[in-house]
Amino acid sequence: MDPTRISLRPFKLSDAGDFFSWAKDERVTHYLRWNPIPSREEALSYLKEVAIPHLWQRSICLDDRSIGYVSIKPESGSDRHLAEIEYALGSEYWNQGIVTVALKMATSTVFKDFEYLVRIEALVEEENKGSQRVLEKVGFQKEGFLRKFVFNKGGIRDMFIYSFLSTDKIM
């Protein structure tokens, strides 16, 4: 995949159709905290109410067409040096290196956007080997295993925690 075709940008309402095409896919949302989006109208509503107002949520674009997202949520108060990262990509684009490129872009940009940020954390379910590989390719460090840590989609899940510090080098 030519990395020059990949970009990050804020979501637009005109992304609703593209967003719906991958956000309705159960394979894409399997490890996410939200369920598949059931209709184009709900996709539009999600963009209006959640994605667009979000402090730092970007559409992963291929030739400016929305194919996924990356979201970085800084904490507040005395924990404002921390942020959590989440991401997803349409299943037809898996295993092409797109998320790796997008996370490298996001990681380098967010430390400039939030100068007080020191640490980005990622929580990944134990079975989600693909996401673990992506984080490691970007330069995130696996720090530990969190037993029965997150309730998601009817069950309490074991998670790995990864981190990337502002002083780390993107691989």
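User: Where does Ser131 sit in the secondary structure, and is Ser131 buried or exposed?

Analyst: Helices here are DSSP runs of H or I with at least four residues, strands are runs of E with at least two, and both are numbered from the N terminus. By that reading, Ser131 lies in helix α5, residues 129–138. Burial is judged by relative accessible area with a 1.4 Å probe and protein chains only: under 20% is buried, over 50% exposed, and in between partly exposed. Ser131, with a relative accessible area of 11%, is buried. Leaving out residues up to four places away in sequence, Ser131 touches Tyr87 and Val124, where contact means heavy atoms within 4.5 Å. This is a predicted model, in which local features need pLDDT of at least 70 and side-chain atom pairs count only at pLDDT 80 or more, while totals for chains, interfaces and linings use all residues. Residues are numbered from 1 along each chain as its sequence is written, and side-chain values use heavy atoms, with hydrogens and water left out.

User: Which residues of helix α3 are buried, and why are they on the same side of α3?

Analyst: An α-helix has 3.6 residues a turn, so residues three or four places apart point the same way. In α3, residues 40–51, the buried residues are Ala43, Tyr46, Leu47 and Ala51. They lie on the same side of α3 because they cover an arc of only 100° around the axis, the arc being that of the directions from the helix axis to the C-beta atoms. Glu41 and Glu49, on the other side of α3, are exposed, whereas the cover over the buried residues includes α1 (16–23) and β2 (57–62).

User: Which polar contact does the side chain of Arg157 make with the side chain of another residue?

Analyst: A polar contact is a pair of N or O atoms within 3.5 Å; within protein, one must be able to donate a hydrogen and the other to accept it, and residues adjacent in sequence count only if both atoms are side-chain atoms. Arg157 belongs to strand β7, residues 155–165, and its side chain makes such a contact with the side chain of Glu125 at 3.1 Å. The side chain of Arg157 also reaches the backbone oxygen of Asn152 at 2.8 Å.
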